[in-house]
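Open the model in your viewer and keep the selection panel at hand. The tour goes stop by stop.

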Amino acid sequence: MVPKVFAYLCSLISPWRVSSNKAKNMELKNRIINEASDLFFSNGVRSITMSDIAQHLGISKRTVYENFKDKEDLLAQCLDLSMKKADIEKKQVTEESSNVIEYLMKLHARQLQRVQNIDKKVLYDIKKYHPNLYKVIDQRQKDDLGIFVPLFEKGIEDGLIRDDLNSEILLWTLKSQLKSLIDGDFIPTQKFQLSEFMDSIVFIFLRGITTAKGNELIAELSPTKKRH
């Protein structure tokens, strides 16, 4: 009788243990992804090893490899997390904005804050040492056109963006300028911060594509902004 009762009690406890262990494993995996993301983005990808990540987290390298096949697998999940956060951010900014100018300026402000903590070598390292992941990033940027082109078209309808410009060409122009900050070596980042170049590019771009009504809105939304 006693063995049967014991077996019954174990059958009740076992599923709870499995569920609890899964939750703990997922919590650890998410912690590794979050901490590794900070290390990769602030120091560059190539300079950070799996040993560095394990030491930073206070866990063994074996534990890291139990959760991720290799460094590229971990980096891929870090990038996936970053993209998901960006999607959430865009959705929040959309809900907070009443027009395309307000949306672009709020999104820019958030991205400007984020880029201050990103090392310039990150994209270069991914492009050179993890080309398959770079293709994912590149495709993501192309997919973003599907979001931004309709916004620009709406801005034209609202009289905020000039109607003599091609929205898709405008977006590719902006993206290529911002990308050159990271991909190019001719930017004097020793003298100026990356965020300063990014800020100037975006505001010059906005001033150039907006109507008089749009320019008034830019000034209204950034009263202390230095004119570029």
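**Stop 1: the largest pocket**

Start with the largest pocket, whose volume is about 1600 Å³. Bear in mind that this is a predicted model. Select Ser 82, Gln 111, Arg 114, Ile 118 and Gln 141; of the 47 lining residues, these lie nearest the pocket centre.

Now colour the lining by class.

Next, colour by element. Helix 1 (2–43), helix 4 (71–96), helix 5, helix 6 (121–129), helix 7 (131–143), helix 8, helix 9 and helix 10 each give at least two residues to this lining. Which helix supplies the largest share of the lining? Helix 4 does, with 11 residues.

**Stop 2: the whole chain**

Switch to cartoon. The protein chain has 11 helices and 0 strands. Its pattern along the sequence reads α-α-α-α-α-α-α-α-α-α-α.

Of the contacts with a separation of 6 or more, 66% join residues 24 or more positions apart. Of the 228 residues, 36% count as buried.

**Stop 3: the largest nonpolar core**

Hide the surface. Select Ile 101, Leu 104, Phe 152, Leu 181, Phe 205, Leu 206 and Ile 209. Among the 31 residues of the largest nonpolar core, these touch the most other members. Helix 5 (100–115), helix 8 (145–157), helix 9 (167–183), helix 10 (194–209) and helix 11 (212–221) each give two or more residues to this core. Helix 10 provides the largest share, 9 residues.

Centre on Phe 205. Which residues does Phe 205 contact, leaving aside neighbours within four places in sequence? They are Phe 152, Leu 170 and Leu 174.

Then move to a second, separate core of 25 residues. Leu 39, Phe 40, Val 64 and Leu 74 are among its members. Nonpolar side chains tend to be buried together in soluble globular proteins.

**Stop 4: Asp 144**

Finish in the loop between helix 7 and helix 8, where Asp 144 lies. Is Asp 144 buried or exposed? Asp 144 counts as buried, because its relative accessibility is 10% and the cut-off for buried is under 20%. Show the side chains of Lys 90 and Lys 175 too. Beyond its neighbours within four places in sequence, Asp 144 is in contact with both of these lysines.

Note on methods: Residues are numbered from 1 along each chain as its sequence is written. This is a predicted model: local features need pLDDT of at least 70, side-chain atom pairs count only at pLDDT 80 or more; totals for chains, interfaces and linings use all residues. Side-chain values use heavy atoms; hydrogens and water are left out. A nonpolar core is a set of buried Ala, Val, Leu, Ile, Met, Phe, Trp, Tyr and Cys residues joined through side-chain atoms within 4.5 Å. Buried means under 20% relative accessible area, exposed over 50%, partly exposed in between (1.4 Å probe, protein chains only). Helices (H or I, at least four residues) and strands (E, at least two) are DSSP runs, numbered from the N terminus. Contact means heavy atoms within 4.5 Å. On a 1 Å grid over the protein atoms alone, a cavity is a set of points where a 1.4 Å probe fits but cannot get out, and a pocket is an open set with protein on both sides within 12 Å along at least five of seven lines; lining residues have an atom within 4 Å of a point. Grid points are joined across faces, edges and corners, and a volume is the space filled by probe spheres set on the points.
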